[in-house]
Every structure is written in C-alpha cells, then in structure tokens.
Amino acid sequence: MARIKNIELPKDKALYIGLTAIYGIGQSTARKIAVAAGLDPEMKVRDLTPEQEGLIRTEVDKYVVEGELRREVQMNIKMKMEINSYQGVRHKKGLPVHGQSTRSNAKTRKGKGKVVANKKKATK
C-alpha cells in the first residue's frame, strides 16, 4: 500500500499512472520522478518495496504538490481579484476566464439560466 503525500496510490496501475493521483503531478512529471528514483515507470504500484517508496517520496518532495500547490493557485486567483485584472474580474463574476465564448456555451461556469423580467415577444 503506497501512501505518498497522504494520497493512497492505486495498486493495480503502473507507477507513472498511480503517481498522477497526486494533485500537481501529470504523466510526464510522474515518469521523470520514477526515472530519477531509478525505477521502471511501467512497474505496478503493488510491487514497490518500502525502500522504493522512500525513494519516490524524496523525489516527490522536490515538487510543489497537493496542499501547497492548491494554496498557491488560490492565492494567485485572490491576488488577481484584488488588483482587478481582467482575469480577476471574470473570476468574481463567475464567467469563463480564458477567453471562451459565453453566448451559447459556458453553462458549467455560468450556472443555470436566469429569467429576465418583462421580456415579451414582439407581435406583428
């Protein structure tokens, strides 16, 4: 049972896939970590020995992951909102931040449709 940064890695997956369960580690970073620890990225997580887990822990500690990364991202968003940058304003309004269209899409970000009062159809 490999436990790294308080995250239980899935046992039946390859090491590089299992490491992606940690927030902030993608597949390419997971491969780099495995190679730096001197392990095969394709080996199963269940086959790790406690010594190998220790090697992976020391490699993962070199990266900003989990709680530290989440905190850093939230602080960046908060800072953008405070200085009233364009992205900060979009965050405040609950609209898409990265330039997506909002006319027909963005239902996930905008939420359920709001009814506009006194809007009637034009008659002939």
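Good morning, colleagues. The structure is a predicted model, in which local features need pLDDT of at least 70, side-chain atom pairs count only at pLDDT 80 or more, and totals for chains, interfaces and linings use all residues. Residues are numbered from 1 along each chain as its sequence is written, and side-chain values use heavy atoms, with hydrogens and water left out.

Let me begin with helix 2, residues 27–36. Helices here are DSSP runs of H or I with at least four residues, strands are runs of E with at least two, and both are numbered from the N terminus. Which residues of helix 2 are buried? They are Thr29, Ala30, Ile33 and Ala34; buried means under 20% relative accessible area, exposed means over 50%, and partly exposed lies in between, with a 1.4 Å probe and protein chains only. Viewed down the axis of helix 2, these buried residues fall within an arc of 140 degrees, so they line one face of the helix. The arc is taken from the directions that run from the helix axis to the C-beta atoms. On the face of helix 2 turned away from the buried side sit the exposed residues Lys32 and Val35. The buried residues of helix 2 pack against helix 1 and helix 3, where contact means heavy atoms within 4.5 Å. Just after helix 2, glycine 38 has a positive phi of about 80 degrees.

I turn now to helix 3, residues 50–60. Its buried residues are Gln52, Glu53, Ile56, Glu59 and Val60. They lie on the same side of helix 3, because they cover an arc of only 120 degrees around the axis. The face turned away from that buried side carries the exposed residues Pro50 and Glu51. What covers the buried residues of helix 3 includes strand 1, helix 1 (15–18) and helix 2.

Glutamine 52, in helix 3, deserves a separate remark. What does its side chain reach? It reaches the backbone nitrogen of threonine 49 at 2.9 Å. Such a polar contact is a pair of N or O atoms within 3.5 Å; within protein, one must be able to donate a hydrogen and the other to accept it, and residues adjacent in sequence count only if both atoms are side-chain atoms. Leaving aside residues up to four places away in sequence, glutamine 52 touches Leu39, Met43 and Asp47.

The next topic is charge pairing. Side chains of opposite charge can pair when their charged atoms come close. A salt bridge is counted when a side-chain nitrogen of Lys or Arg lies within 4 Å of a carboxyl oxygen of Asp or Glu. How many salt bridges does this rule give? The count comes to 8.

Arginine 57 is partly exposed at 31% relative accessible area, whereas glutamate 53 is buried at 11%.

Helix 4, residues 66–82, holds a further pair. Glutamate 66 forms a salt bridge with arginine 70, at 3.8 Å between the closest N and O atoms. They too are 4 residues apart, about one helical turn, in helix 4. Glutamate 66 is buried at 13%, and arginine 70 is partly exposed at 42%.

Another salt bridge joins aspartate 61 and lysine 5, with 3.4 Å from N to O. This pair links distant parts of the chain, 56 residues apart: aspartate 61 is in the loop between helix 3 and helix 4, and lysine 5 is in the loop between strand 1 (3–4) and strand 2 (7–8). Lys5, Asp61 and Glu68 are linked in a network of salt bridges.

Lysine 5 is partly exposed, at 28% relative accessibility. Its phi is near 55 degrees, a positive value in a residue other than glycine. Asparagine 6, in the loop between strand 1 and strand 2, also has a positive phi, near 60 degrees. Asparagine 6 is exposed, with a relative accessible area of 63%.

Finally, I come to helix 4 and helix 5. Two packed helices are described by the angle between their axes and the distance between the axes. The axes of helix 4 and helix 5 (residues 86–93) come within 7 Å and cross at roughly 100 degrees. Axes are lines fitted to C-alpha atoms, for helices over the stretch in contact, and angles run from 0 to 180 degrees between N-to-C directions. Helix 4 and helix 5 are therefore roughly perpendicular to each other, a term for angles of 65 to 115 degrees; under 35 counts as roughly parallel, over 145 as roughly antiparallel and the rest as oblique. Ile77, Lys80 and Met81 in helix 4 meet Gln87, Gly88, His91 and Lys92 in helix 5. Thank you for your attention.
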